[in-house]
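Hi there,

I am passing a structure on to you, with a few notes to go alongside it. Have a look at it first, and then read on.

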Amino acid sequence: NPYRGDSSVFTRALLLQPEFDSQRDLREFVVRNLQQIGGEEVAGLTLPTASRVIDALAEDLIVVKSKRSIKLVDRVRLLQNLKKNYRASEGSRILGRTNLEEPAIWAELSRQKAERGFRFAATGISSAAFYKVLSGVTVLSIYAPNLAETSERLAIKPGRAFANIELILEPSPTFYFDARLDGDALW
């Protein structure tokens, strides 16, 4: 399915750059994007996988593929299919309260990244306020690779009452694809 799982990263890349010279260029773009946020090579993101994704998108008439390029032609349907096939992270979660303000949370997460190589990013719903799509999000929801250590370092008291932070265990690098750095925060 070109709209779900790790292979969907090739589909999502077309939203960032709607035309590529080749499938190899598309794959290199994806790998570079993941490496910019500290990601490692993802085993399933091979050139044959990129080829299968592009073939499926061409069959759905979402891209046009020629010997010279791959071009997105139906952005709306691509977004609709991504939305329809989206699956939230099924990782473990910690919901709770911290007394740290958002800048202090991001500063601590940035320290963990520098010290331990941990990768963090706000989830889509938390990022919406950053992109001015929604306002009033009161729980900062963050993908994290280590819940226990992160929870301890952020002094999170688990519980639903007055929760202002949620950590979601997500080791898959593709959940962090196209994360944007703003100071210490990764949206």
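Leaving aside its neighbours within four places in sequence, which residues is W106 in contact with? Please keep in mind that this is a predicted model. With those neighbours set aside, the contacts of W106 are A121, A122, L140, I142, D184, A185, L186 and W187.

W106 also belongs to the largest nonpolar core, which has 23 residues. Those with the most contacts inside this core are I105, W106, L109, I142, L154, I165 and L167. At least two core residues come from each of α5 (102–116), β5 (121–122), β6 (140–144), β8 (165–169) and β10 (185–186). Strand β6 gives the most, with 4 residues.

Apart from this core lies another one, of 22 residues, and F10, L26, F29 and I70 are among them.

Three strands form an open sheet in the order β1-β3-β2, and their pairing is antiparallel. Because β1 (19–20) and β2 (63–65) stand at the edges with a single partner strand each, one side of each is left without a neighbour in the sheet. Between β1 and β3 (residues 70–72), which run antiparallel, there are 2 bridges.

Helix α3 (residues 47–59) lies across β2 and β3. Its direction is at about 115° to β2.

Enjoy exploring, and write back with any questions.

Best wishes

How values were computed: Residues are numbered from 1 along each chain as its sequence is written. This is a predicted model: local features need pLDDT of at least 70, side-chain atom pairs count only at pLDDT 80 or more; totals for chains, interfaces and linings use all residues. Side-chain values use heavy atoms; hydrogens and water are left out. Two strands pair if DSSP finds at least two bridges between them. Contact means heavy atoms within 4.5 Å. Axes are lines fitted to C-alpha atoms, for helices over the stretch in contact, and angles run from 0 to 180 degrees between N-to-C directions. A nonpolar core is a set of buried Ala, Val, Leu, Ile, Met, Phe, Trp, Tyr and Cys residues joined through side-chain atoms within 4.5 Å. Buried means under 20% relative accessible area, exposed over 50%, partly exposed in between (1.4 Å probe, protein chains only).
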